[in-house]
Amino acid sequence: MAVADIVRSIFGAPDPRPPERIARDIDDELAFHLGELERDLVEAGASPDDARARAVERFGDPARIRRQCERIAMEDSVMLQKVNFVLMIVVLVGLGAVGAQVVITQRFNTLALQAITADLANMKFEARAAERSSGLSGGAPPGNAQKRDPLDLLEPGLWRQAQPGGLMHSDGAYLAILARDDVENLTGFPSGTLTIPRHEPAYELTFLATGAKNLVIKAIDDGGASGLPHREGRWVMTNGLLILNLGEVAPDGGPIMLVRVPE
Amino acid sequence: MPVRNRPELLPGTLEMMILKTLSIGTNHGYGIARRIRQVSEDVLRVEEGSLYPALHRLEKRGLVASDWRRSESNRRAKYYRLTPRGRRRLTAETASWNQLAEAVGKVMSARLVQEA
């Protein structure tokens, strides 16, 4: 059975006639029946009045039957209107669901981006405040202080491989990215000792966190390469990373960041 | 002679009788009613108006089709005819009805003995 036949058997065939034409056809059809019946009754010997009365008696209430026929004729259009309405609701709900999904996803992404941006901005602000209070950037050239903000090093830039485990920025800053086994000598936090075995010369730092974001480098064993005094530094724990800003202890005089990569 | 206590039609039997009547040939509503009355020997003289809702439902379901013509009395009349789907439905309905009538007939004609 074709789909059209199934739909037709369930809902009926749509009647192409306008409603007034349907009503007129029903009237004509019922009037024909009553007229023929009256005529047969008269031919059988009934008077016209008697034939009319008996015809209505046998036929039933013409107005009621007319209403029944009209209802049947209009069923398809009413049913189609209902089907169209339901389909329209389904489509609207579907579009609404898709739209809501898009809006929720965009909103989530926006909020996540805002949170990350705010986090980075906060870190930058705190880093600058800490440097101002600790004088970490005091030795750096005036023009380089802003460029060498350690947290700026996290942003995309021109990096090249400097040596195993480290990246050199075009500005000369150095970023040491440490795997967990590189910091196995990190004996504790906020105080501990950090060994950078792949760094040449090897660093061994002993530090003590002195506040929420600050630490004191108690000792640096770099084989005498840097010859820099022990300085104060700063630490940040973010996104599972421990970032130690050790200030101007790098061989090139720039800030060095030691990033502990989580497992 | 009119029958006072005419048996009531089972649901669906009026439509089945319309299909059967139209299987003989095209006819208008009045002709269908007249034929049912004649063949049933006045036993099944249903309220003739009830024929039209049944006819219109059959037409809507595609079991009968119709067109307007001039009748024998030269009046404009709506003539119905059986469609191929209507003919298939009639075959199925006839088989089902015969099975039902036979089963009911067996029960009604059986000599039932009350169990002790």
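Predicted model: local features only at pLDDT ≥ 70, side-chain atom pairs only at ≥ 80, totals over all residues.
Residues are numbered from 1 along each chain as its sequence is written, and chains are lettered from A in the order in which they are written. Local features need pLDDT of at least 70 and side-chain atom pairs count only at pLDDT 80 or more, whereas totals for chains, interfaces and linings use all residues; side-chain values use heavy atoms, with hydrogens and water left out.

On the side of chain B, 29 residues are in contact with 30 residues of chain A, contact meaning heavy atoms within 4.5 Å. The area buried between the two chains is about 2,500 Å², 53% of it given by carbon and sulfur atoms, where buried area is the accessible area (1.4 Å probe) that two parts lose on being put together, summed over both. In chain B, the residues that lose the most area to chain A are Tyr30(B), Tyr52(B) and Lys60(B), which together account for 29% of what that side buries.

Five salt bridges are found across this interface, a salt bridge being a side-chain nitrogen of Lys or Arg within 4 Å of a carboxyl oxygen of Asp or Glu. Arg76(B) forms a salt bridge with Asp25(A), their closest N and O atoms lying 3.6 Å apart.

In chain A, helix α2 covers residues 19–43, and its end C-alpha atoms are 36 Å apart, which agrees with the 36 Å that its 25 residues should span at 1.5 Å a residue; the expected span is 1.5 Å times one less than the number of residues, and helices are DSSP runs (H or I, at least four residues) numbered from the N terminus. Just after α2(A), Gly45(A) takes a positive phi of about 115°.

Methods: Helix = DSSP H or I, 4+ residues; strand = E, 2+ residues; numbered from the N terminus.
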